[in-house]
Amino acid sequence: MKTTLETTLNHLMHHYGPLHWWPAENDIEMMLGAVLVQNTNWTNVEKALQNFNVPFEGQVILNLPLETLQTFIRPSGFYTRKSTTIHGLLLWYQQYDFDVKNLEGIDTPCIRNQLLSIKGIGKETADCILLYAFNRPVFVVDAYLKRILKSLGLFHTDNYDVIQQEMMDFFGHDVTLYQELHACIVEHGKQKTPIDAFDLVGIPNKVYLDVMNREPKFKEIHDTYGYVTRISHPDPYTGFVYTIIGQLLSAASAHAIFTRFIHRFPDVASVNQASLQQVMDLGLTHNKACAIKSLCEKVSGQEFSFEYINTLSDEHAIEALTKLKGLGRWSAIIILIHTYNRLNLTSYDDIALRKSVARILKIESVSKTQFDRYMARFEPYKSVASIFLWKLNKLKD
């Protein structure tokens, strides 16, 4: 674990350099940002913070009418709920005269419990406040970190507290290091352009080698073309959108439309603010536009959670995803492989995969029984085998 984890996180820190996060002028602005970033991206948080025409001072903001506060933070979405959370957070901080020095005599677990008692403050938000506003050595566990750990084959759990304790035991209690690590993890995770899957934060090398050595054709591909990768979208919003757009389209067409789409609609809130026709105008069919609109409405209405999928088994995750408008079993599997880095999935419905299996078996077409029998040899890493098969489909004989 130590070598793999250190290598990956050191690579991230070297790649992005010192980020000196969190972007805020003082503790009050930082705390507001920690609440506003829930269920949205930082671009919308910046828009909300720029709306404030009053100083970022606790008592000043606490004295604002709730309706005025909601107007300021509207770009971040969920502004009614978030305004209530901000009000509760500032009321709590008021007890300490909005001065971090007055917290110095209180231990970190006690402050954390106080923060968690505020409606709308979860573990991740509380720990961000502790780490960045109060400079307490608390490791923030977010979806990006969980995905990295899972991809590396580390920590077989999604339990926040277990992962946090493991990370703190591993890295020691270093506030500056925690801040830089979290900043790099977030920066890497929020990238909107596709990155190679199963590369820097992908499958463990031993798994890749294991799968490669089970099939002579895979080893031949690796020896000829090098490490085999597949595009990935670690941000769930972009992963879902890319999959919906890509249905029944060539990779080139899908990428072109997706690039236009993500530039115009960088997050869930921006889709919700647009009309169906505005979404379609980017080159989407009526059905695809409806599917994306429906997804974003469900996320905003808290009827669906991207993070919830991480808690489900493969089959239960597929079941949950296929209940969404416009997502069939093939789309669900593609999302689970390319966004959630599930390692043991494949799809007979994927034409490219069927063609490649038939090519290896040297038959004209492959039945589902033949396909399933062939893929069974790669348990529990059928996703990795699928990546080799997708690569094979692109190659000429």
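Reply: On a 1 Å grid over the protein atoms alone, a pocket is an open set of points where a 1.4 Å probe fits, with protein on both sides within 12 Å along at least five of seven lines; lining residues have an atom within 4 Å of a point. This is a predicted model, where local features need pLDDT of at least 70 and side-chain atom pairs 80 or more, while totals for linings use all residues. Residues are numbered from 1 along each chain.

Me: What is the volume of the largest pocket?

Reply: About 1,500 Å³, where a volume is the space filled by probe spheres set on the points, joined across faces, edges and corners.

Me: Which residues lie nearest the centre of the largest pocket?

Reply: Val37, Gln38, Asn39, Glu124 and Glu307, out of 45 lining residues. Elements that give two or more residues to this lining include helix H3 (42–50) and H14; helices are DSSP runs of H or I with at least four residues.

Me: What is the volume of the second largest pocket, and which residues are closest to its centre?

Reply: The volume is about 990 Å³. Arg230, Leu249, Trp330, Asp350 and Trp390 are the closest of 34 lining residues.

Me: Why are Ala317, Ile318 and Leu321 of helix H19 on the same side?

Reply: These three are buried, meaning under 20% relative accessible area with a 1.4 Å probe, protein chains only. They cover an arc of only 100° around the axis, which puts them on the same side of H19; the arc is that of the directions from the helix axis to the C-beta atoms.

Note on methods: Side-chain values use heavy atoms; hydrogens and water are left out. Buried means under 20% relative accessible area, exposed over 50%, partly exposed in between (1.4 Å probe, protein chains only).
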